[in-house]
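The points are numbered, and each may be read on its own.

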Amino acid sequence: MAVHKVLGIETEFGILHRNEGDSNPVAASSMIINAYVNGFLERRVGWDFEDEHPGVDARGFNEFDALAPEIETHLVNAVLTNGARYYVDHAHPELSTPECTDALQCTTYDRAAEEILIRSMEKANELLPDGEELVIHKNNSDGKGNSYGCHENYLVDRSVPFGRIVNEVMPYFISRQVFCGAGKVGSEAPGLTHSDVPFQITQRADFFEEEVGLETTLKRPIVNTRDEPHADSKKYRRLHVIVGDANMSEVQTYLKLGVTAIVLAMIDDNMAPNDCAFETSVQSLRQISYDIDLVTVHRLANGEKVSALDVQWAYYAAAEKWADRNGFDVVGGRDIGLDLMQRWHDVLVALENDPDSLSDSIDWIAKRRLYEGYRERHELEWSDPRLAALDLQYHDLRPDKGLARRIGLRRISDDSEVEAAVDNPPPSTRAYFRGRCLERYPDEIVAANWDSMVFDIGTDPLRRVPMLEPLRGTAAHVGNLLDECANAAELLRRLGA
Amino acid sequence: MAEQEQRRRSAPRTDDVELDETETGQAGEELKAELDDLLDEIDDVLETNAEEFVKNYVQKGGE
């Protein structure tokens, strides 16, 4: 039986410091995060870079580690009370959502991440001299050949051979672009011009060069092999997915996370299609992104000729069988499972018959409609900088400038739930323990990371609490305990008892 | 990939559905008006110096 598809999403945001001659993106990213930490949090708690640790699970808590952890201090790196990590990565502000138990919850946390960035940007701009401005974009490319990621993470069963995961998930990743793409004007692949690729389905396909590999910044692979489970490595893998776009459309974020969770659960259960391997995966990935009319035919390794939608239908049919047998418990339950299947089905049907009907829910189609209209009105070539500007502004998080938020995209999340998710953790994963501890005992926590927390209760040594089970440390497990313990010393005493 | 053929036959195709011409005409007009409003709005909010904005938008690679 598949393991529960605990999932999360990490987004590197584009950052621009306007009217500042020597703008340094690392300093600008630090300003963004510091503005949030100093403006909205009681106290900053740093990130702990200690590696995974064998130990008891987050609910047992009966064996504390007495090693002094290494606390990183040189780059801004904060843990938030909603369980998220907010930090400077390379030269971008990055936010990793807390671990979630379903796609709907994670979509709410992704939207909360946007809120956090907007608040950070507004706070930082209050502190800047007149005329200067920090601007944040939720996109993946600057249009000049530089890309930054929006990565998804899914918990998978360690006992499934990694080679099988690679073979069975790759055709899905290549073909899912048709409903996951955020759209982009032009191409950044070497040698291609606006006349070759005026507009494409994804922001990222141009940057992928390998089928499988460990890299994320060069020679990016369709399936990334980073093996850092941030959980019990004997039981779990964390599949680190780098082949996706940051979506402005909540419908797409929801579908991307939810359908991928279903596909990975099918792979855990050995029920995914295994006859869809593309003959030339990287080439097909790009061709599909460049094919906005969805007409190209691709050769599979078995000789069959198929479209991207054919491959999606094969996964859809397999998912129906998988769900008939196994239900939807591991992706968040029946309601969400059925909703995801219905939406996946409807999107594939609409892509086949009337793609424009998706202009309220799929970024690349919303963009295409808008840009075609704009081109017609002003009689512009695709290479006109005004279209490139529109394509940046679609992702602009400034409320008075961002285009995506004014074109009537359908919502999935609820405003009051997003507001709650800015400060509060999901109740259903270990993020609950992390977030509530930070809220309750900020002065007694030295550092936190995905699978442990380090407390300083005034007696040497520092005490590390391991949290190796993503589904332990939930509100149901520790909610009352946290309510009852007035300080961390009491919490540790009762956990260890 | 035999299963997908069966699945796809069950999916309704728009060319099977005969729409009243006036209806599609009206829907089309509404969509166009909506897009026109959007484009008006975009003319208002687009960065005043689009070319400069695009030129200055340089990011470091990430991940």
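1. The model is a predicted one. The values quoted in this note should be read on that basis.

2. Helix 6 of chain A. Helix 6 of chain A covers residues 308-326, which is 19 residues. From its first C-alpha to its last it reaches 27 Å, close to the 27 Å expected at 1.5 Å a residue. Its buried residues are A308(A), L309(A), V311(A), Q312(A), W313(A), A314(A), Y315(A), Y316(A), A318(A), A319(A), W322(A) and A323(A). After helix 6 of chain A comes G327(A), with a positive phi near 70°.

3. F328(A) belongs to the loop between helix 6 and helix 7 of chain A. Is F328(A) buried or exposed? F328(A) has 23 C-beta neighbours inside 10 Å and therefore counts as buried, the threshold being 20 or more. Leaving aside residues up to four places away in sequence, F328(A) touches A323(A), G333(A), R334(A), I336(A) and G337(A); of these, A323(A) is also one of the buried residues of helix 6 of chain A. A further pairing across the sequence is that of F328(A) with I262(A): the two are 66 residues apart in sequence, and their C-alpha atoms are 8.2 Å apart in space.

4. Helix 5 of chain A. How many of the ten residues of helix 5 of chain A are buried? Seven are, so this helix, residues 281-290, is largely enclosed by the rest of the structure. The buried residues are S281(A), S284(A), L285(A), R286(A), I288(A), S289(A) and Y290(A). Their cover includes two helices discussed elsewhere in this note, helix 3 and helix 6 of chain A. It also includes strand 10 (199-200), strand 11 (208-213), strand 12 (220-224) and strand 14 (298-299) of chain A.

5. Helices 3 and 4 of chain A. Helix 3 (residues 162-180) and helix 4 (residues 250-268) of chain A pack at about 160°, and their axes are 11 Å apart. The angle is over 145 degrees, which means that helix 3 of chain A is roughly antiparallel to helix 4 of chain A. The crossing of helix 3 and helix 4 of chain A is right-handed. Helix 3 of chain A contributes R164(A), I165(A), E168(A), V169(A), Y172(A), F179(A) and C180(A) to the contact, and helix 4 of chain A contributes Q252(A), L255(A), K256(A), V263(A), L264(A) and I267(A). The residues of this contact comprise nine nonpolar, one polar and three charged.

6. Helices 2 and 10 of chain A. Helix 2 (residues 103-127) and helix 10 (residues 415-423) of chain A have axes 8 Å apart and pack at an angle of about 70°. Helix 2 of chain A is therefore roughly perpendicular to helix 10 of chain A. On the side of helix 2 of chain A, the contact is made by T108(A), Y109(A), R111(A), A112(A), E115(A) and I116(A). Helix 10 of chain A supplies E417(A), V418(A), A421(A) and V422(A). By class, the contact of helix 2 with helix 10 of chain A has six nonpolar, one polar and three charged residues.

7. Chain B has three helices and zero strands, in the order α-α-α along the sequence. Of its 63 residues, 13% are buried. The contact between the chains takes 46 residues from chain A and 28 residues from chain B. On the side of chain A, the elements that give two or more residues are strand 2 (14-18), helix 6, helix 7 (334-353), helix 8 (363-378) and helix 9 (385-393). Helix 9 of chain A gives the largest share, seven residues. The side of chain A that touches chain B divides into 21 nonpolar, twelve polar and 13 charged residues.

8. Positive phi outside glycine. K219(A) is not a glycine, yet its phi is positive, about 40°. K219(A) sits in the loop between strand 11 and strand 12 of chain A; with 12 C-beta neighbours inside 10 Å, K219(A) counts as exposed. H230(A), also a residue other than glycine, has a positive phi near 50°. H230(A) lies in the loop between strand 12 and strand 13 (236-241) of chain A, and because H230(A) has 20 C-beta neighbours inside 10 Å, H230(A) counts as buried.

Conventions
Residues are numbered from 1 along each chain as its sequence is written. Chains are lettered from A and ligands numbered from 1 in the order in which they are written. This is a predicted model: local features need pLDDT of at least 70, side-chain atom pairs count only at pLDDT 80 or more; totals for chains, interfaces and linings use all residues. Helices (H or I, at least four residues) and strands (E, at least two) are DSSP runs, numbered from the N terminus. The expected span of a helix is 1.5 Å times one less than its number of residues. Axes are lines fitted to C-alpha atoms, for helices over the stretch in contact, and angles run from 0 to 180 degrees between N-to-C directions. Angles under 35 degrees count as roughly parallel, over 145 as roughly antiparallel, 65 to 115 as roughly perpendicular and the rest as oblique. Two residues are in contact if their C-beta atoms, placed from the backbone, lie within 7 Å. Ala, Val, Leu, Ile, Met, Phe, Trp, Tyr, Cys and Pro count as nonpolar, Asp, Glu, Lys and Arg as charged, and the others, Gly among them, as polar. A crossing is left-handed if the near helix is turned anticlockwise from the far one by less than a right angle, and right-handed if clockwise.
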